Amino acid sequence: MHRRTFSRKTLGIPYAIFLLLFVAMPLLVLVYYAFTNGQGEFTVMNLVGFFTNPNTLGTLFYSFGVAIVTTVVCLLLAYPTAYILAISKWKSKTVILLLFVMPMWINFSLRITALKEILTFIEGNLAYHPFLNTVIGMTYDFLPFMILPIYTTISRLDGSLLEAARDLGAGEMQAFLRVTLPLSVPGIISGVSMVFLPAMTNYVVLDMLYNSTYIMGSLIGSYFSAYNWHGGSMIALVLLAIICLFTLLGGGQEDENARGGSLL
Amino acid sequence: MENTKNIIELKHITKTYEDGFTAVSDFNLEVKQGEFITFLGPSGCGKTTTLRMIAGFDIPSGGEILLNGKSITELPPNKRPINTVFQRYALFPHMNIFDNIAFGLKQKNTPKSKIVKKVKKALELVDLEGFENRSVSTLSGGQQQRVAIARAVVNEPQILLLDEPLGALDLKMRKEMQLELKAMHRELGITFIYVTHDQEEALTMSDKIVVMSEGKMQQIGTPEDIYNEPINAFVADFIGESNIFNGIVTGKLKARFCGGEFVCVDDMKEGTHITAVVRPEDVQIVAPENGTIRGTVTSVIFKGMHYEITIESGKNEIVAQSVNVAKVGQRVGITVEPDNIHLMITEDHTNFFKVEINKNKELEYNDNVLDVSLTDIIKGSYFDEDGDLVDSNGIEIDTRKIRVTAAIQPRDIRMTDEQEEGLVQGYISNLIYEGDHYSYVIHTDLEHDFVVDDEYLWNMDDQVGLIMPVDKMKFTVKR
């Protein structure tokens, strides 16, 4: 019976090792650094420092601002696009969908460099509109992540539900508001979580757009490049806690199928 | 309490889709107030499309729909006083039962207190009192079905459309719901238009049945009419089980079919081509010497109330129902009471004949291999590496369990004196001059009659071979 010991669980071992080495271990190191000082002694001063330093708090709120505006703009652009694509009967709609997804296949830094050139051409000097540029850059980067889950949710909607709504006396607008919209919420939640959280931390966009402002990601980067491992780790940990909180809030209703992973 | 008012009229309704497919053609129907009418037919016969046009989900490409005498052909579904119970219920998953049922009432801005009262009454009607706050996903299929019915009837529609509403339920549940729906119809007095492919369901529930096939109405009538007096071979075959034979009237109250001459009650002119229908329960099994025709029992299946006995006589197969058991291989005689033979004049003289499948999975008739592959006649099928026939879903088809019927028009068959050139041989047993050509009946060595059109005169009793080009044959497969 020894030969039977190879089970499906065995297949999970490589990933478990990977997880242990590159996720669990660094997290422990992060927690260790966050609660110690330069001499390796336990301290909560890093935590206190985070919430008393106007610089870090300011960056936190600014990051929230960037993430919220980016998410809202993405949603406003993505929902109508996804809706029209999902309900249309065009034979070539997968091609159109591909056009929205295709930029993701192009190297990220190449895309942002191109965007930088365009923005410089329009604005003259990028330094005049740091907030606007950040939002444009992030929207450009994250839009497909909003379109895909919404598109998937709407196109999987049972068409007979809409017919049922019409049959029961709802006009087209009423049917949309009372059936399509509420039923596409899982897709919206999925899209929001895929845009909002990266938008909080992705500082590459800002860096590449020669942006002088800081968001959370760039703040951590600046601490680390100044060899302040303890302060940087605490900021990373606080950010992690906030992200966990958001995921828990949204996760309750999240539909796994809505992620649109199959399309990527 | 005869009501003569037509609530809905369909006039010359046609539906052709963009790809050129005609789902419904020249459909005419009048439905009286309070009737329970059923559209019955196999899948793809246009019954659901017709229902969708009445509901307003599809707009006819031609014709008119009148509701109480006024045209509603182009009216959107939300403006029609008609509600639908959908095949897969289509309950709103994000609302509880109360909100589902109240949906229609809220659209009409009914006051809140009235909504509560009406929803309660609707739930009582479908025996789901107290289910208001339950969510859809906690309900069983049968309960969801009831909610779907409540959601439709709560709006007090003039017509309730039901699109195969019981299709997803198990047999026992379906039988219960059939009776309940019938009772509900009586209680509410609403006109019901019901769609099903289940002939038993149609016969049980309806006041009137519309039998449809290939987008056309085949017959309309009460369940009794349709069962006892089917208008053509399609209806006879679809409603209940039937033995159907092509034949010819051979004399006063006499017809030959299935290799024997039977006495019947329909008085028709000698030489008329007929289709004979005999219900299995009307086939009498007797001693071989007393039978009109003789055959061998090939299968006996116990069905609870009776045995289903299949008898092979020549190339014909006859299905009989009997309370007495028979043995496989037994020689038996068959008789049928004259009034149990239903004869229909065949206007369409298409010859139908059964084709065998040999062990090489080729089609064969009269020991001649036909130049056509099974993959050509079963859409999407192919032979896999092992030589097994596989359908479009990749599931193996057992060639022993399928029956193939070929159809060929009289004008596509040619007679020849060189008998061996023909696919099958026989003698001319009848001929009629039909203005510009002769119509012959050839009685073959396989005890099967073929109708053949030819412009030249041949003599009675001439021995001929029949040349039938395979490309003129149409094949149908029954699994």
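View 1. Along the principal axes, the C-alpha atoms of chain B fill a box of roughly 85 × 55 × 50 Å.

The model is predicted, so local features need pLDDT of at least 70 and side-chain atom pairs count only at pLDDT 80 or more, while totals for chains, interfaces and linings use all residues. Residues are numbered from 1 along each chain as its sequence is written, and chains are lettered from A in the order in which they are written.

**View 2. Domains of chain B.** An automatic or database domain assignment divides chain B into domain 1 (6-228), domain 2 (243-345) and domain 3 (351-478). The centres of domain 1 and domain 3 of chain B, taken over C-alpha atoms, are 43 Å apart.

View 3. Among contacts (C-beta atoms, placed from the backbone, within 7 Å) between residues at least 6 apart in sequence, 63% join residues at least 24 apart.

**View 4. Contact between chain A and chain B.** Chain A contributes 15 residues and chain B 17 residues. On the side of chain A, helix H7 (159-167) and helix H8 (172-183) each supply at least two residues. H7(A) gives the most, with 6 residues. By class, this side of chain A has 7 nonpolar, 4 polar and 4 charged residues; Ala, Val, Leu, Ile, Met, Phe, Trp, Tyr, Cys and Pro count as nonpolar, Asp, Glu, Lys and Arg as charged, and the others, Gly among them, as polar.

Note on methods
Contact = placed C-beta atoms within 7 Å. Helix = DSSP H or I, 4+ residues; strand = E, 2+ residues; numbered from the N terminus.
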